[in-house]
Amino acid sequence: MRRDFWDQPVEVIVGDGDHLKSIRNSRDALAYLMTCWPPEKAASFAAAKKICTDAIHGQADATAAALAFKVAAEEAGVLR
């Protein structure tokens, strides 16, 4: 059973802002971090990447991963 699903999705901007994506779990968050993230990456990016990876492997709490991703997305300017 997957335990990396989040209680609330995090909506982020994709591309030039014309599209939104609803991130619902750590696996989707990690995919977004690796493929859609803006070029400039702050320390919050690395923290979100690590905790999302850990959550996928059952080594971190999904709620903590969601919060780390949301903080990183807000800092990067991609949080809706």
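**Pocket, salt bridge and helix packing**

Trainee: What is the volume of the largest pocket?

Mentor: This is a predicted model, in which local features need pLDDT of at least 70, side-chain atom pairs count only at pLDDT 80 or more, and totals for chains, interfaces and linings use all residues. Residues are numbered from 1 along each chain as its sequence is written, and side-chain values use heavy atoms, without hydrogens and water. A pocket is an open set of points on a 1 Å grid over the protein atoms alone, where a 1.4 Å probe fits, with protein on both sides within 12 Å along at least five of seven lines. Taken as the space filled by probe spheres set on the points, the volume of the largest pocket is about 220 Å³.

Trainee: Which element supplies the largest share of the lining of the largest pocket?

Mentor: Lining residues have an atom within 4 Å of a point, and among them are Trp 6, Glu 11, Lys 70 and Arg 80. Strand 1 (5–14) and helix 3 (62–76), both DSSP runs (helices H or I, at least four residues; strands E, at least two), each supply at least two lining residues. The largest share, six residues, comes from strand 1.

Trainee: Which residue meets Glu 11 in a salt bridge?

Mentor: A salt bridge places a side-chain nitrogen of Lys or Arg within 4 Å of a carboxyl oxygen of Asp or Glu, and the whole structure holds two. For Glu 11 in strand 1, the partner lies 69 residues apart, in the segment after helix 3. At 2.8 Å, N to O, that partner is Arg 80.

Trainee: At what angle do the axes of helix 1 and helix 2 cross?

Mentor: Axes are lines fitted to C-alpha atoms over the stretch in contact, with angles from 0 to 180 degrees between N-to-C directions. Helix 1 (residues 26–35) and helix 2 (residues 43–56) have axes that come within 9 Å and cross at roughly 145°.
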